[in-house]
Amino acid sequence: VRFPEDLEDDNTTFNPEYSHQVFGDDEVAFGYKGLKILLYYIAGNLSTLFRIEYSSKVNEKFDCVEADDVESKIREIIPPGFCTNTDDFVSLLEKEVNFKPFGMLLHTYTVHNEEAGEDIAYQIYKADMTCPGFREYHERLQTFLMWFIETASFIDVDDERWNYFIVFEKYNKDGATLFATVGYMTVYNYYVYPDKTRPRVSQMLILPPFQGEGHGAQLLETVHRYYMSSPTVLDITAEDPSENYIKLRDFVLVKLCQDLLCFSPGKLMQGFSQEMVMEAQQKLKINKQHTRRVYEILRLRATDMGDAEQSRSYRLDVKRRLIGPYKKKQRELAKMRRCLRPEELTNQLNQIDLNMQHEQLEESFQQLVSDYRRVLERLAQA
């Protein structure tokens with residue numbers, strides 16, 4: 001909500017992707033007809049208005065069953081101090097002009113908005129719990145995780161190893177510059193013996209109205225550049241990354257790596273090298289596993305897949321990496337042969353069909369190439 005009229009505007013509304021963490025696996029609230037759970041957030045500081053509407057509700061006295069206590073379920077995830085009536089919320093909205101982003105400005109960029117016919121400015125800030133008001137703001141911000149990340153949980157904000165990176169949009173209202181929350185990322189700094197840290201991306205969310213505009217890539221690249229400048233950082237990883245996050249990371253890391261000398265077309269065609277591992281880690285804080293993916297994407301770009309020899313060389317190179325898990329299965333099988341009875345061995349062999357392995361390997365390769373091509377297409381448009 002930026003303007004009072006947004007309260008009645010369905011175009012500013014977005015619905016949750018998940019609600020099982022609040023309402024159980026069936027995602028059902030029992031005992032209501034026409035139930036609406038309404039959560040409004042002021043665009044900048046995320047002050048909240050919460051109310052529930054319904055046309056009818058079962059009654060324990062007459063229906064002998066009790067309706068779910070929807071209000072208490074929502075109260076468990078939104079911090080106290082929210083509004084319950086519109087007038088209080090609108091009066092808070094009038095004070096929004098005083099809201100300013102928290103922490104240190106790291107990056108400013110613009111995105112062209114077709115609808116508005118102009119470039120809109122965005123800023124990325126790094127904050128921590130010592131910033132006045134940030135703790136309360138973060139409590140409101142993290143409530144979005146429950147609706148948009150499938151296995152979300154709230155973090156321990158008293159642990160000083162957390163870093164917070166927030167994206168804001170700058171917009172004008174009555175001649176004043178205001179800020180709207182776009183999304184954020186939390187990063188935990190793990191200790192690595194003897195004197196390094198390994199930042200691990202924990203949560204990342206771009207709010208639905210802003211998705212598909214490139215903010216995730218801007219945020220991830222900004223975070224990488226922030227840690228790249230630190231001599232104590234070993235490399236940057238992610239905790240249980242989703243498929244979408246992996247695709248985003250591929251794009252950002254390839255964009256960062258493509259100008260390194262070790263990734264020149266000539267060197268790419270000679271195969272994956274220790275030089276690539278060293279340079280990507282020292283200059284860009286990228287670990288070996290991610291560097292290997294960057295190499296495969298950039299080598300695909302340098303390879304003429306219409307040339308039989310180049311295509312075959314690329315396919316074998318990628319499949320040699322992909323075959324790792326299958327080789328592990330074969331080593332396990334050799335151990336089984338030595339210690340299992342014949343009938344047990346037959347049972348295990350049925351599960352490890354070599355023809356099926358070859359099919360799966362080819363399928364994995366084709367899927368990977370398809371994903372890599374999408375990264376290269378996006379890179380060409382960047």
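How many helices and strands does the secondary structure of the protein chain come to? Here are some notes to read alongside the model.

1. **Overall picture.** The chain comes to 15 helices and 10 strands, where helices (H or I, at least four residues) and strands (E, at least two) are DSSP runs numbered from the N terminus. Please keep in mind that this is a predicted model: local features need pLDDT of at least 70 and side-chain atom pairs count only at pLDDT 80 or more, while totals for chains, interfaces and linings use all residues. Residues are numbered from 1 along each chain as its sequence is written, and side-chain values use heavy atoms, with hydrogens and water left out.

2. **Extent and burial.** Taken along the principal axes, the C-alpha atoms fill a box of roughly 70 × 55 × 45 Å. Of the 382 residues in the protein chain, 44% are buried; buried means under 20% relative accessible area, exposed over 50%, and partly exposed in between, with a 1.4 Å probe and protein chains only. Contact here means heavy atoms within 4.5 Å. Among contacts between residues at least 6 apart in sequence, 66% join residues at least 24 apart.

3. **T48.** You will find T48 in strand 3, residues 48-53. T48 counts as buried because its relative accessibility is 6%. Its side chain reaches the backbone oxygen of L46 at 3.0 Å. Leaving aside neighbours within four places in sequence, T48 is in contact with L39, Y40, Y41, F82, C83, F89 and R140.

4. An unreviewed UniProt entry places the feature "domain: Histone acetyltransferase type B catalytic subunit C-terminal" at residues 249-300. UniProt positions are given in the numbering used here, feature names are shortened, and annotations may be inferred rather than shown by experiment. In the model, residues 249-300 are 71% helix and 0% strand, and the end C-alpha atoms are 17 Å apart.

5. **Helices 10 and 11.** Helix 10 (residues 274-284) and helix 11 (residues 288-302) pack at an angle of about 115°, their axes 9 Å apart. Axes are lines fitted to C-alpha atoms, for helices over the stretch in contact, and angles run from 0 to 180 degrees between N-to-C directions. That makes helix 10 roughly perpendicular to helix 11: angles of 65 to 115 degrees count as roughly perpendicular, under 35 as roughly parallel, over 145 as roughly antiparallel and the rest as oblique. At this packing, M276, V277 and A280 in helix 10 meet K288, T291 and Y295 in helix 11.

6. **Helices 11 and 12.** Helix 11 packs with helix 12 (residues 308-322) at an angle of about 170°, with their axes 11 Å apart, and the two are therefore roughly antiparallel to each other. On the helix 11 side, R292, Y295, E296, R299, L300 and A302 meet Q310, S313, Y314, D317, V318 and R321 in helix 12.

7. **Backbone details to check.** Most residues other than glycine have a negative phi, and most peptide bonds are trans. The Y193 to P194 peptide bond is cis, with omega near 0°; P194 lies in the loop between strand 8 (176-192) and strand 9 (196-206). E27 has a positive phi, near 55°, and sits in the loop between helix 1 (20-23) and strand 1 (32-33). K285, in the loop between helix 10 and helix 11, has a positive phi of about 60° although it is not a glycine.

8. **Buried or partly exposed?** E27 counts as partly exposed at 39% relative accessibility, whereas K285 is buried, with a relative accessible area of 7%.

Conventions: A polar contact is a pair of N or O atoms within 3.5 Å; within protein, one must be able to donate a hydrogen and the other to accept it, and residues adjacent in sequence count only if both atoms are side-chain atoms.
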